[in-house]
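Please open the structure in your viewer and keep the selection tool at hand. The stops below say what to select next and what is there.

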Amino acid sequence: MPSGTALIRKPSANLADGIVTHLQRSPVDVDLAMRQHEAYCAALAAADWDLREVEPAPDCPDAVFIEDAVVVVDDVAIITRPGADSRKPETAGAEAACRALGLAIVPLTAPATLDGGDVLQVGNTLYVGRGGRTNAEGIRQLRAAVAPLGRRVVPVRLREVLHLKSAVTALPDGTFLALPELFEPGVFPPGRPVTEEGGCHVVLLGGDRILMAASAPRTAESLTDLGFRVTIVDISEFEKLEGCVTCLSVLVPQGGRHGD
């Protein structure tokens, strides 16, 4: 039986025109990005995730970062309202894919803005980054949507970083991997600081399996030494657009709880 469904969306031909906020723009090799995305999807499939392709959004260069369009909690899909106006059309395809999976749909409405990359789920808590893409009303509407599901929302002020999950994610045992200088102190319990930016981005594949970027070899070696099974993928072209491994999929577990 598969671990669940992985929502993915292929890169568009205009990927190189994606938004860059905190990095200096550098050339993106779209052909290489296509191959990297295929390898990323293959890694998910090898970990027993059933791939479900979301309808392309060819006019949206950032649409490949499907995580920003929807937050899945149990059997509910919260359709986001992206903070960048150019990305708002991305959510229609994500909503259609979630309806096809039989998920209940809860859309955020104006004036809320919220990117899924700002939402980190750990146990019953949703940590939500308050930065350039997610506003206070987005946090309020998300809180209202997940409270009936027994979840609490903890806002986190961000510093010079695009999304919360660009700065912190959590291991299968709940330990946080973080670049602490990128968000306000005192919100998270003591975790494991990393020295490589890509080292704080992990996708939980199930059990002790995690997916990480090739840009964090020291962190990957350390986590392997600690007993985690690490799958490494090269996503260099997406990292040029401030993307990371979490951005490129939304995992919907089979009959289980959602985690990042």
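Select histidine 37 and display its surroundings: leaving out residues up to four places away in sequence, histidine 37 touches Ile8, Arg9, Lys10, Pro11, Val64, Phe238 and Leu248. The model you are looking at is a predicted one, and in this model histidine 37 sits in helix 1, which covers residues 30–46. With a relative accessible area of 2%, histidine 37 is buried.

The C-alpha trace spans about 45 × 40 × 40 Å along its principal axes, and buried residues account for 54% of the 260 residues. If you draw contacts between residues at least 6 apart in sequence, 68% of them join residues at least 24 apart.

Next, select Tyr127 and Phe188, which, of the 29 residues in the largest nonpolar core, touch the most other members. Two or more residues of this core come from each of strand 6 (119–122), strand 8 (152–157), strand 9 (168–170), strand 10 (176–178), strand 13 (209–213) and helix 4 (217–225), and strand 10 gives the most, with 3 residues. Staying on phenylalanine 188 and setting aside its neighbours within four places in sequence, you will find it in contact with Leu120, Tyr127, Val156, Leu164, Val168, Phe176 and Phe183. A second, separate core has 28 residues, including Ile8, Val64, Val203 and Leu241. In soluble globular proteins, nonpolar side chains tend to be buried together.

Now move to helix 4 and select Thr219, Ala220 and Leu223, which are buried. Looking down the axis of helix 4, you will see that its buried residues fall within an arc of 100°, so they line one face of the helix. That buried side packs against strand 10, strand 11 (192–193), strand 13 and strand 14 (229–233), whereas the face turned away from it carries the exposed residues Arg218, Glu221 and Asp225. Just after helix 4, glycine 227 takes a positive phi of about 100°.

From there, go to leucine 211, in strand 13. Is leucine 211 buried or exposed? Its relative accessible area is 0%, and leucine 211 is therefore buried. Not counting residues up to four places away in sequence, leucine 211 touches Tyr40, Ala43, Leu44, His201, Val202, Val203, Leu205, Thr231, Val233 and Val245.

Finally, select the cysteines. How many disulfides does a search of the whole structure find? The search finds 0. The sulfur of cysteine 200 lies 7.8 Å from the closest cysteine sulfur, in cysteine 244, which is too far for a bond. Cysteine 247 is likewise in no disulfide, and its nearest cysteine sulfur, that of cysteine 244, is 3.6 Å away, whereas a disulfide requires the two sulfur atoms to be within 2.5 Å. Cysteine 200 is buried at a relative accessible area of 0%, and cysteine 247, at 4% relative accessibility, also counts as buried.

Notes
Residues numbered from 1 in each chain as written. Predicted model: local features only at pLDDT ≥ 70, side-chain atom pairs only at ≥ 80, totals over all residues. Heavy atoms only, no water. Buried < 20%, exposed > 50% of the residue type's maximum accessible area, 1.4 Å probe, protein only. Core = buried A, V, L, I, M, F, W, Y, C linked by side-chain atoms within 4.5 Å. Helix = DSSP H or I, 4+ residues; strand = E, 2+ residues; numbered from the N terminus. Contact = heavy atoms within 4.5 Å. Arc of directions from axis to C-beta.
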